[in-house]
Amino acid sequence: MTKEKIMHYEPFFKLFKKIAERETRVITFLTNEKIPIGSYAFVPSYCADKQCDCRRALVSVYEDKKEAYSKQPLATISYGWEDFKFYRDWSGGFEDKMIQEFKGPALDSMQPQSQYAPFLLATFIDLIEKDEDYAQRLQRHYAFFKYKKGMRMPSKLRALMNPLTPCACQSGKIFKLCCGKNRSRLRKGKRR
Ligand SMILES: [Zn+2]
Ligand SMILES: [Zn+2]
């Protein structure tokens, strides 16, 4: 019994330019034998389906240069922050191996990867393990994203973001009236 899930991902920065400019993680390697010297941006995308609470980021890594963003990423990392059981229940019958990759952190086998992908994955894992704030930020961005897509927010996501608190772009306005504005309309009455 497997359930096909076709998921459409959109970069966080497309919906939240100002927050993304402040909060996208860029790592600079000054001396490293494993990757050319330079800066690398870890750019998250999230699933755009407002009915789907998959709690996962797809993090694409680019050289941090304007032209690099239109090219293929050097690595695409899947990262789900909930426990294994969450994704097993959510998938409704994926094989364990698939769930493990979906949850990650792992290189997404559906996406192109470069020779630097294993090193960038190791860098990401290090980041998630040592920087609690970064791990939290990816979850918060997920909640912002789903809010804007018009998801009926489960309490777990509500706990991550309150639309009435100051916006993360530091404008001084509340999120709902700032970067959270122009939310997709919630479909009224109809429940799934
Ligand atoms: Zn989803
Ligand atoms: Zn804002």
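Author: Among contacts in the chain between residues at least 6 apart in sequence, what percentage join residues at least 24 apart? The share is 54%, two residues being in contact if their C-beta atoms, placed from the backbone, lie within 7 Å. This is a predicted model, in which local features need pLDDT of at least 70 and side-chain atom pairs count only at pLDDT 80 or more, while totals for chains, interfaces and linings use all residues. Residues are numbered from 1 along each chain as its sequence is written, and chains are lettered from A and ligands numbered from 1 in the order in which they are written.

The chain holds seven helices and six strands; these are DSSP runs numbered from the N terminus, with helices (H or I) of at least four residues and strands (E) of at least two. Along the sequence they follow the pattern β-α-α-β-β-β-β-α-α-β-α-α-α.

The part to examine is the pair formed by helix 3 (residues 84–91) and helix 4 (residues 96–103). Two packed helices are described by the angle between their axes and the distance between the axes. Here the angle is about 115° and the axes are 10 Å apart. Axes are lines fitted to C-alpha atoms over the stretch in contact, and angles run from 0 to 180 degrees between N-to-C directions. Helix 3 passes helix 4 in a right-handed crossing, the near helix being turned clockwise from the far one by less than a right angle.

On the side of helix 3, the residues that meet helix 4 are F84, Y87, R88 and S91; their partners in helix 4 are I99, F102 and K103. By class, this contact has four nonpolar, one polar and two charged residues. Ala, Val, Leu, Ile, Met, Phe, Trp, Tyr, Cys and Pro count as nonpolar, Asp, Glu, Lys and Arg as charged, and the others, Gly among them, as polar.

P105 belongs to the loop between helix 4 and strand 6 (106–107). The peptide bond joining G104 and P105 is cis, with omega about -5°. Most peptide bonds are trans, and most residues other than glycine have a negative phi. R55, although not a glycine, has a positive phi of about 45°. This residue lies in the loop between strand 3 (38–47) and strand 4 (56–63).
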